[in-house]
Amino acid sequence: MGNLRVFLKAARFTFRNRKRTIAFIALFTILSAYVIFFSNTFTEYYRTDLLRNKGIITNQIAYNTVDQTNDTVQEFIARANGYEQTESVIVHRYFDFGASIRIFELDEKNPWAFTLITPRSIATGRFVSGSGEALVLTGSTLNLESTLLGNATIDPSPGDKLTLQGNSSSVVVKIVGEITKDVYNDPENKAWIFVDSASFDAMLVALQPTTYIYEITVLAKGNLLLSEEPYNNKRFLVEQLKNDYFDLGLSPSFLTVPNGIEQNIDTRIEERNSDLLNFSFGILAGILLSLLYGILLSRFRKTEIAVLKTVGYDSWNIRLSLLAEILSISFVGYLIGVFAIQSYLVYQAASLISSILSFDVILLSFSIVVLFDLPSVLISSYSLVKVRPLDVLRDTG
Amino acid sequence: MVEPLIEAKNITKIYKRGSETVYALRNVNLQVMPNELVMIMGPFGSGKSTMLHLLGGLDTPTEGEIVFQGEDITKWDEKRTTEYRRLHVGYIFQSWELINNLTAIENIEVPLYPTKLPTDEIRARAMRLLRQVDLYERERHFPTQLSGGEQQRVGIARALITEPNLLLADEPTGNLDSETGDIIMRMLKKLTRGGTGTVVATHDESLRRYADRVVRFLDGEIIV
Ligand SMILES: Nc1ncnc2c1ncn2[C@@H]1O[C@H](COP(=O)(O)OP(=O)(O)OP(=O)(O)O)[C@@H](O)[C@H]1O
Ligand SMILES: [Mg+2]
């Protein structure tokens with residue numbers, strides 16, 4: 001109770017010391033922003049490079065009515081999933097509806113694992129996040145003449161409902177966002193519609209396409225940042241998956257060039273190393289700043305601590321009051337840092353979901369910033385706990 | 001017979017400055033009775049402050065013992081001394097030593113923050129004391145917004161909030177004009193009651209009229 005009060009009061013009183021507070025909050029803000037930025041880069045790096053570095057993407061055609069290939073493809077997926085070197089297998093399907101529309105399935109749980117579009121490709125609105133939702137390309141027109149709906153041509157935009165009419169039933173989806181046009185260069189100039197998995201399944205039933213395509217992404221296990229393991233796993237998996245295709249009587253059709261792996265590795269490792277170097281620099285700066293803060297704080301608060309000791313504060317009361325000051329300064333700095341980076345991302349990406357800092361990033365960077373407090377807490381409590389009131393207060397008058 | 005509140009027996013305090021030894025106190029005996037205001041008077045460097053520090057558990061003597069409630073406080077460890085300071089001693093400084101980013105009322109409350117007392121009880125006590133030192137309605141002022149005399153009154157209230165048995169004041173009027181000094185001394189005199197004993201160290205002869213008893217120091221020894 002007493003200690004808690006000492007802590008809370010100290011945290012509150014900290015902010016009364018304007019100059020000191022503002023100066024150190026500013027420093028902690030800069031530092032936090034740096035750490036958040038890099039944490040975010042790493043997570044983003046991890047995501048965008050997942051496909052490039054850990055992914056093996058293949059595609060296979062399946063028949064909607066004759067389920068022979070479908071079964072074989074399912075068997076292939078099961079095998080891919082079974083390897084120790086596999087982290088996960090992500091599947092996207094698509095089919096053509098009429099002559100001018102192509103419908104893609106989006107795995108809303110793994111939106112980044114799609115070669116064509118990612119949440120970054122959103123121009124307006126947002127990414128698919130639930131069932132019954134769809135994305136279209138900016139400025140695309142849906143020419144429905146070849147479908148049973150008739151000769152209508154519509155210009156869809158977010159908020160519109162889209163009804164796709166089959167022989168006996170129809171599927172309704174809501175358009176939630178538009179994809180920038182520069183993501184694709186489709187020679188057939190089809191209108192693309194991206195829908196969630198549930199809607200896609202419903203469409204397979206309602207619209208009865210004769211064939212559809214599986215796009216199967218196999219991700220290799222291993223941390224891209226810390227080891228070469230994913231590259232080795234990927235090499236291994238490429239061979240295995242080729243064999244599996246032959247074995248199952250399918251012809252292997254890889255979308256990424258497996259032979260390009262070797263050349264890829266070196267550049268990736270170089271990039272990774274330079275990122276790590278920058279990050280380490282940030283950590284070092286953080287530790288130095290924290291030490292500086294601890295040393296300055298020991299001076300600033302010396303007299304005050306001597307007074308507190310005279311009135312009966314013990315070592316723990318003093319440690320807690322130092323901890324409170326340091327934590328609150330760095331926490332406020334951190335919050336401003338998050339806000340700054342967040343605004344920067346929103347400004348830069350001009351889209352919603354893709355630019356919000358993820359929970360992982362927040363957690364990672366916050367832990368780092370809290371770790372930064374350690375040197376200042378240690379150094380200031382070390383030098384202030386041993387202060388003898390007499391040494392400070394003697395003849396101060 | 002009334003027991004003394006605190007008793008210093010045969011105290012010697014030696015400071016070493018290089019090869020030189022300074023006798024800050026030499027075989028000093030001092031008793032403080034409850035409800036008594038003892039004034040230690042003497043010229044600069046005569047050992048007055050040293051005596052207060054020893055009584056307040058801020059320093060230990062080279063020789064001798066200090067008996068408080070039947071125990072020799074000089075034998076205590078850091079933990080018990082800290083507790084002694086918190087529970088039994090109120091210290092008033094010559095230059096007040098208020099904490100600048102705390103308001104008057106918060107400065108008074110500070111010693112009680114680490115205790116188990118509920119926060120509103122602490123506030124109530126501090127308000128009562130603020131009224132006693134005639135600073136009512138100055139509670140939200142920061143030290144820099146108060147005059148020297150007012151700051152010293154806050155200092156007194158802070159020393160009193162733990163309801164100490166022993167009030168120690170080192171030159172409490174040293175930084176004040178004589179008129180304000182009188183107000184402070186009258187206040188200390190009035191507060192020395194209910195079992196509290198007060199020791200004031202000063203070299204200002206004009207203050208002796210407030211003392212119940214005067215002890216004169218010269219070069220670390222009692223001369224009267
Ligand atoms: N830490 C110390 N190291 C060395 N000598 C000291 C120390 N503290 C006090 N002294 C010496 O001890 C003697 C008594 O000092 P003290 O401060 O108790 O005197 P005082 O009566 O309070 O003087 P003043 O009126 O100036 O406050 C002085 O000679 C002083 O120089
Ligand atoms: Mg003195």
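Visitor: Over how many bridges do S1(B) and strand S4 of chain B pair?

Guide: In this predicted model, S1(B) belongs to an open sheet of four strands with the order S2-S1-S4-S5 in chain B and antiparallel pairing. S4(B) covers residues 63-68, and its antiparallel pairing with S1(B) extends over five bridges.

Visitor: Which strands stand at the edges of the six-stranded sheet of chain B?

Guide: This open sheet has mixed pairing and the order S6-S7-S8-S3-S9-S10. Each edge strand has a single partner, so one side of each lacks a neighbour in the sheet. The strands concerned in chain B are S6 (89-92) and S10 (221-222).

Visitor: What angle does the direction of helix H6 of chain B make with that of S3(B)?

Guide: Another helix of chain B, H5 (residues 148-160), lies across S6 and S7 and runs at about 170 degrees to S6(B). Helix H6 (residues 178-191) also packs on the sheet, touching S3 (37-41), S6, S7 and S8 of chain B. The direction of H6(B) makes with that of S3(B) an angle of about 135 degrees.

Visitor: What separates the C-alpha atoms of Met33(B) and Thr162(B)?

Guide: Met33(B) is placed in the loop between S2 and S3 of chain B. Leaving aside residues up to four places away in sequence, Met33(B) touches Val2(B), Glu3(B), Pro4(B), Leu5(B) and Gly197(B). Thr162(B) is 129 residues from Met33(B) along the chain, and the separation of their C-alpha atoms is 19 Å.

Visitor: Why is the site of ligand 1 shared between chains?

Guide: Ligand 1 is surrounded by 14 residues, and the closest are Arg394(A), Gly45(B), Lys48(B), Ser49(B) and Thr50(B). The site is shared because the surrounding residues come from chains A and B.

Visitor: Which element gives the most to the shell around ligand 1?

Guide: Three elements of chain B each supply at least two residues of the shell: strand S1 (6-17), strand S2 (20-32) and helix H1 (48-55). By class, the shell divides into five nonpolar, five polar and four charged residues. With three residues, the element that gives the most is H1(B).

Visitor: What percentage of the area that ligand 1 exposes alone does the protein bury?

Guide: Oxygen atoms of ligand 1 lie 2.5 Å from a polar side-chain atom of Thr50(B) and 2.7 Å from one of Ser49(B). A backbone N or O atom of Gly47(B) lies 3.0 Å from an oxygen atom of the ligand. Taken alone, ligand 1 exposes 630 Å², of which the protein buries 76%.

Technical notes
Residues are numbered from 1 along each chain as its sequence is written. Chains are lettered from A and ligands numbered from 1 in the order in which they are written. This is a predicted model: local features need pLDDT of at least 70, side-chain atom pairs count only at pLDDT 80 or more; totals for chains, interfaces and linings use all residues. Side-chain values use heavy atoms; hydrogens and water are left out. A residue is near a molecule or strand if one of its heavy atoms lies within 4 Å of it. A polar contact is a pair of N or O atoms within 3.5 Å; within protein, one must be able to donate a hydrogen and the other to accept it, and residues adjacent in sequence count only if both atoms are side-chain atoms. Accessible areas come from the Shrake-Rupley method with a 1.4 Å probe; for residues, only the protein chains shown count as cover. Ala, Val, Leu, Ile, Met, Phe, Trp, Tyr, Cys and Pro count as nonpolar, Asp, Glu, Lys and Arg as charged, and the others, Gly among them, as polar. Two strands pair if DSSP finds at least two bridges between them. Contact means heavy atoms within 4.5 Å. Axes are lines fitted to C-alpha atoms, for helices over the stretch in contact, and angles run from 0 to 180 degrees between N-to-C directions.
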